[in-house]
Amino acid sequence: MTSRKGTAVILGGGPAGLASGLALSRAGWRVDVYEQTPMVGGLARTITQDGFRFDIGGHRWFTKKDELNFFLIDLLGDELTLVDRVSRVYFEGKYVNYPLRLGNVRSRIGPATGARALGDYVASKANQLLVKQPPAAMSMEDAYVSQFGRTLYELFFRNYSEKVWGKECKELSGDWVTQRSKGLTLWTALRDAVQRNDGKVESLVDRFMYPKLGFGRISERMAEEIERAGGSVHLGWRVTSVQHDDERIRSVTVSNGTREQVVEGDEFVSSIPMTELVRDLTPNADRGILAAADTLTYRGLVTVNLMLNRPHVSSDTWLYVHDPTVSFARLHEPRNWSSDLAPDGKTSLVLEVFCEADDAMWRRSDADLCELVVHDLTSILHFIEPGDVLGGFAVRSRDAYPRYTLGYREVVDAIKAKLGSFRNLSLVGRGGTFRYNNSDHAIETGLLAARKALGEAVDVDTVNEDAAYLESGSAPTLGRKDLTPVPHAAASWNP
């Protein structure tokens with residue numbers, strides 16, 4: 001590896017940008033990280049309130065790449081624990097395991113519907129042999145029907161997907177399905193039902209690593225290490241323009257709302273939304289690129305966090321709620337991830353409400369949002385009693401999920417070609433690459449960007465492009481005896 005050193009400017013203080021900053025600061029570079037919010041972590045931050053700790057939607061750590069696991073263990077050490085994954089779908093008053101287990105699904109939908117599901121899956125596979133559809137033209141509906149058949153698509157995937165993405169599945173690209181569930185089909189669900197390892201079905205990862213004090217500790221520790229090495233993490237600063245000479249980025253202008261400053265650097269790493277970055281270029285990108293950027297959209301997320309005066313609600317790490325009459329699409333109970341996330345004898349819930357930034361749902365007050373989800377939890381789902389609620393608050397996240405509409409790939413490629421023309425710029429993270437990556441992928445992109453800055457010939461775009469889905473199968477054995485399984489500020493609203 002080269003001994004090249006310089007100044008790195010990191011745009012965005014989430015896991016991807018901080019990973020780049022940490023690697024470069026350890027290599028002797030001067031590192032400056034600029035994050036527009038008051039804390040590091042981005043969508044993977046942890047918020048503390050009245051002794052409770054809340055992640056933004058919940059994030060788990062899993063990768064088959066030992067170098068990434070050891071990076072995390074080196075960073076957090078004894079702060080890590082292992083959690084058994086329990087994910088289910090709440091379907092018409094019943095629980096269905098997710099990933100789908102054929103026997104469990106059959107018992108919930110009945111033999112007649114089960115037979116229809118198997119029949120139309122076979123029909124779907126036969127149709128695929130006759131009609132070859134180009135991957136780029138495959139919609140989300142096409143992809144789900146291909147993998148599970150139309151019956152299971154209509155029962156378990158359509159309502160939930162449209163609830164999350166805010167568009168019909170026919171309008172969305174099938175890339176999201178193949179990226180998130182490679183190798184998972186009705187056939188693999190059947191295979192898992194009969195091929196067991198010591199009585200345990202393994203389809204997608206069944207256990208994951210997690211920081212005891214919340215996922216945000218990963219970003220917090222990286223920020224601490226950057227500053228320990230002489231770098232700086234600047235909070236509350238937003239990028240307003242990016243100056244370039246067509247070959248290199250020369251500087252960025254950042255603002256804290258009251259003043260601006262120009263920051264120069266040798267290398268720039270960006271995890272801010274790709275669409276925002278290309279619009280900030282000075283001189284401006286050509287009109288065609290800017291018009292293309294306008295066609296890419298992100299889905300907004302509001303997480304409603306409830307503090308409860310009861311020790312337990314469920315055994316799930318995640319619970320998916322398809323019912324369109326229920327305001328939230330997914331919930332998790334932080335105590336099931338780590339007992340340190342709630343005071344003794346109490347628990348909490350995080351409810352994920354998907355919406356468009358600045359729409360009517362987004363603009364509702366915290367009190368209204370809390371009352372809305374409490375109504376759904378008590379009157380529709382019957383999960384809790386109104387008297388259990390101690391208080392709650394909402395967190396709004398813009399640009400939370402890149403939305404894969406039909407034809408999005410050509411637009412992303414065009415924008416990446418423009419941004420890729422700058423030799424000293426790397427795009428990392430979910431927003432920066434417009435790719436729905438997991439946290440391990442985000443950190444991997446950041447580490448690769450650092451290696452690129454140090455002179456290595458690496459390609460950040462290869463992350464999460466493996467032929468085998470990185471979440472399939474079981475986690476590697478790391479030999480950490482201290483990673484043992486977990487057994488199953490004032491609130492802004494009070495009931």
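**View 1. Aromatic cluster in the predicted model.** Trp165, Trp176, Phe354, Tyr401 and Tyr436 make up one aromatic cluster in this predicted model. Tyr436 also takes part in a charge contact: the charged end of Arg430 sits over its ring, 4.2 Å from the ring centre.

**View 2. Aromatic pair Tyr210 and Trp337.** The whole structure contains 21 aromatic pairs. In one of them, the ring centres of Tyr210 and Trp337 are 5.3 Å apart and the planes stand at 65 degrees, so the pair is edge-to-face. Tyr210 belongs to strand β8 (residues 207–211) and Trp337 to the loop between β17 (330–332) and β18 (347–355), so the contact ties together parts 127 residues apart in sequence. Tyr210 and Trp337 are both buried.

**View 3. Aromatic pair Tyr298 and Phe434.** This pair is edge-to-face, with 5.1 Å centre to centre and 75 degrees between the planes. Tyr298 lies in strand β15 (residues 297–308) and Phe434 in the loop between α14 (429–433) and α15 (439–453), 136 residues apart. Both Tyr298 and Phe434 are buried.

**View 4. Open mixed sheet.** The sheet has 7 strands in the order β7-β6-β16-β17-β18-β15-β19, with mixed pairing. Strands β7 (94–97) and β19 (389–403) are at the edges with a single partner strand each, so one side of each has no neighbour in the sheet. On average, neighbouring strands are turned by 25 degrees against each other, direction ignored. Strands β6 (residues 87–91) and β16 (residues 318–321) pair in the parallel sense over 4 bridges. Val89 stands opposite Tyr320 in β16.

Notes
Residues numbered from 1 in each chain as written. Predicted model: local features only at pLDDT ≥ 70, side-chain atom pairs only at ≥ 80, totals over all residues. Heavy atoms only, no water. Pairing = 2+ DSSP bridges. Helix = DSSP H or I, 4+ residues; strand = E, 2+ residues; numbered from the N terminus. Axes fitted to C-alpha atoms, helices over the stretch in contact; angles between N-to-C directions. Phe/Tyr/Trp six-rings, centres within 6.5 Å; stacked < 30°, edge-to-face > 60°. Buried < 20%, exposed > 50% of the residue type's maximum accessible area, 1.4 Å probe, protein only. Lys NZ or Arg CZ within 6 Å of the ring centre and 35° of its normal.
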